[in-house]
Amino acid sequence: MGARVRILLVEDDRRVAAALSSALTRRGYEVEHAATVAAALSAAPCDLVLLDLTLPDGDGTDLCRELRRRSSQLGIIAVTARGEERDRVLGLRLGADDYVVKPFSMTELQARIEAVLRRAAHTVPERNLIEVGPVRVDVAARTVTVAGRPVALTRKEFDVLLSLARQPGVAVARERILLDAWGTTWGDGHTVEVHVGSLRGKLGDARLVETVRGVGYRLRCE
């Protein structure tokens, strides 16, 4: 993933789309809106799709099938007024990871987004050893060395470092770190800041973890 979790919102109702986009952006997501099947199919790559099943130029279930055909790892949540059991079952069988019936609360949607993102992340094979510059992370053993020197980290410090090490040289958003280390994207960014500060001290070189203003942090490759 890039710096932020990218969501494609496929919704033909402009007012609903504007409200959802605003709420998701406030929670740290990068949101692209598509009002039609055609626009959704030509949209930039994303991490998760919020998919209305009623669209002006086609059926959302067909779009769901095509999106799943293109990627087995893409998170897809059907967001629709179709609440009957046969519609939910059809959507899930066509490849949706979850199904949310309108009206819904942002708290419920947030929880479902996080759950789907966690499941999607777990489908990607994890390397046992990650080396970034002098930093060596043994994922299975949950150990860290810097230039061969063992570094004792707390569980959360390790999780924060692992989130950065998975994307060496890339600016990782605070929301992404929260999701990887705490299982949520909705929390106090100060928590990440505190753990990064502690991590820098233990790594022995504060320059290894760079602050990317307005985004998050980056583990240096050099």
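Me: Two strands pair if DSSP finds at least two bridges between them; helices (H or I, at least four residues) and strands (E, at least two) are themselves DSSP runs, numbered from the N terminus. Which residue in β7 is the bridge partner of A78?

Reply: This model is predicted: local features need pLDDT of at least 70, side-chain atom pairs count only at pLDDT 80 or more, and totals for chains, interfaces and linings use all residues. Residues are numbered from 1 along each chain as its sequence is written, and side-chain values use heavy atoms, with hydrogens and water left out. Strand β7 (residues 98-101) runs parallel to β6, and four bridges join the two. Within β7, the bridge partner of A78 is Y99.

Me: How many helices and strands does the protein have?

Reply: The protein comprises 222 residues, of which 45% count as buried, where buried means under 20% relative accessible area, exposed over 50%, and partly exposed in between (1.4 Å probe, protein chains only). Contact means heavy atoms within 4.5 Å, and residues 24 or more positions apart account for 56% of the contacts with a separation of 6 or more. The protein has eight helices and 14 strands.

Me: In what order do the five strands of the open sheet with parallel pairing stand?

Reply: Strand β3 (residues 48-51) pairs with β6 in the parallel sense over four bridges, and the partner of L48 in β6 is G75. The edge strands, each pairing on one side only, are β2 (30-34) and β7. Neighbouring strands of this sheet are turned by 20° against each other on average, direction ignored. The order is β2-β1-β3-β6-β7.

Me: Which residues point one way from β6, and which the other way?

Reply: In a regular strand the side chains alternate between the two faces of the sheet. Strand β6 (residues 75-80) is mostly covered, with six of its six residues buried. One way point G75, I77 and V79, and the other way point I76, A78 and T80.

Me: At about what angle does α3 run to β3?

Reply: Axes are lines fitted to C-alpha atoms, for helices over the stretch in contact, and angles run from 0 to 180 degrees between N-to-C directions. Helix α1 (residues 14-26) lies across β1 (6-10), β2 and β3, and runs at about 170° to β2. Helix α3 lies across β1, β3 and β6, and its angle to β3 is about 170°.

Me: Why is one side of each of β12 and β13 left without a neighbour in the sheet?

Reply: The open sheet of three strands has the order β12-β14-β13, with antiparallel pairing. Strands β12 (172-173) and β13 (209-212) stand at its edges, so one side of each has no neighbour in the sheet, each having a single partner strand.

Me: About what angle does the direction of α6 make with that of β14?

Reply: Strand β14 (residues 216-219) pairs with β12 in the antiparallel sense over two bridges, and V172 stands opposite Y217 in β14. Helix α6 (residues 155-165) is largely enclosed by the rest of the structure, because ten of its eleven residues are buried. This helix packs on the sheet, touching β12, β13 and β14, and its direction makes with that of β14 an angle of about 75°.

Me: Does T211 count as buried, partly exposed or exposed?

Reply: T211 is found in strand β13. Not counting residues up to four places away in sequence, T211 touches R200, G216 and Y217. With a relative accessibility of 45%, T211 counts as partly exposed.

Me: About how much space lies in the second largest pocket?

Reply: On a 1 Å grid over the protein atoms alone, a pocket is an open set of points where a 1.4 Å probe fits, with protein on both sides within 12 Å along at least five of seven lines, and its lining residues have an atom within 4 Å of a point. Grid points are joined across faces, edges and corners, and a volume is the space filled by probe spheres set on the points. Residues lining the second largest pocket include L8, C46, V49, R70 and S71. The space in this pocket is about 180 Å³.
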